Amino acid sequence: MKTADAVRLWHDEHARFARLLDFLDTQMMVFHEGGHPNYELMRDVVHYLQHYADRYHHPREDVAFELMLQREPALAPQIKRLMHEHRVINTVSAKLYKYLEDILEDAFIARETVEAVAATYLVYYRSHIASEESDILPQAAQLMTEADWALVAAAIPSTPDPLFGKEVGARYRELHKQVALEMRAGAENA
Ligand SMILES: [Fe+2]
Ligand SMILES: [Fe+2]
């Protein structure tokens, strides 16, 4: 794959993840105000990010980061931090998923506990994406070659995106509908 195309796809995935985080944020605001957020869809957002972002997007980045480091050792501090953040995001999302499951099973769980974990997740994830967009993608466009992208693809074979791809996975149908509606509303208001 050409570097320009790979970087564009990389950026597009970030935009989709950001949209899901916005959705989660909106639901958390309803929660904060004592209303009834859609816990199922919130759980599906986290499930998708665990099963797609944590398993494919982040591992692919880890491979790309290593290749970039070989070319530009000065990137080490940023890259080490981002790789560490992949692990933190993974841990926090498991916690948030568990809390959302607990809520759906009517287990008692303090509101503040859920809010704290969700807020950490949102702040952390958004800043992670923002750093990659500002510090890494422009560098990748300069440093990475077509052969590098072949190495990334060989290390982490891609899988169809089960939420935004052509075939929507059964578990994500409702979320897909919701996100698609929001995207359309956003486009109409733009
Ligand atoms: Fe990342
Ligand atoms: Fe990323």
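## The two iron ions

A donor, in what follows, is an N, O or S atom within 2.8 Å of the metal, and since water is not among the atoms, sites may look incomplete. In this predicted model, the iron ion (ligand 2) and the iron ion (ligand 1) are 3.2 Å apart, with Glu-61 coordinating both of them. The two sites are described in turn below, each with its protein donors, its angles and the parts of the chain that supply it.

## The site of ligand 2

## The site of ligand 1

Because His-86 lies in helix H3 (residues 76-104) while His-128 lies in helix H4, the pair ties together parts of the chain that are 42 residues apart in sequence. His-86 has a relative accessibility of 5% and therefore counts as buried, and His-128, with a relative accessible area of 1%, is buried as well.

## Aromatic pairs and a ring cluster

The model contains nine aromatic pairs. One of them joins Phe-17 and Tyr-48, whose rings are 6.3 Å apart centre to centre with 70° between the planes, an edge-to-face arrangement. Since Phe-17 is part of helix H1 and Tyr-48 is part of helix H2 (residues 39-71), this contact ties together parts that are 31 residues apart in sequence. Phe-17 counts as buried because its relative accessibility is 1%, and Tyr-48 counts as buried because its relative accessibility is 0%.

Tyr-48 also pairs with Phe-164: the ring centres are 5.9 Å apart and the planes stand at 80°, so this pair is edge-to-face. The pair links distant parts of the chain, with Tyr-48 in helix H2 and Phe-164 in the loop between helix H5 (146-155) and helix H6 (173-189), 116 residues apart. Phe-164 has a relative accessible area of 21% and is therefore partly exposed, the cut-off for buried being under 20%. Ring pairs link Phe-17, Tyr-48 and Phe-164 into a cluster that also includes Tyr-52, Tyr-56 and Tyr-172.

## A charge over a ring

Another contact with an aromatic side chain involves Arg-111, which lies over the face of Phe-31 at 4.1 Å from the ring centre.

Methods. Residues numbered from 1 in each chain as written. Chains lettered and ligands numbered in written order. Heavy atoms only, no water. Helix = DSSP H or I, 4+ residues; strand = E, 2+ residues; numbered from the N terminus. Buried < 20%, exposed > 50% of the residue type's maximum accessible area, 1.4 Å probe, protein only. Phe/Tyr/Trp six-rings, centres within 6.5 Å; stacked < 30°, edge-to-face > 60°. Lys NZ or Arg CZ within 6 Å of the ring centre and 35° of its normal.
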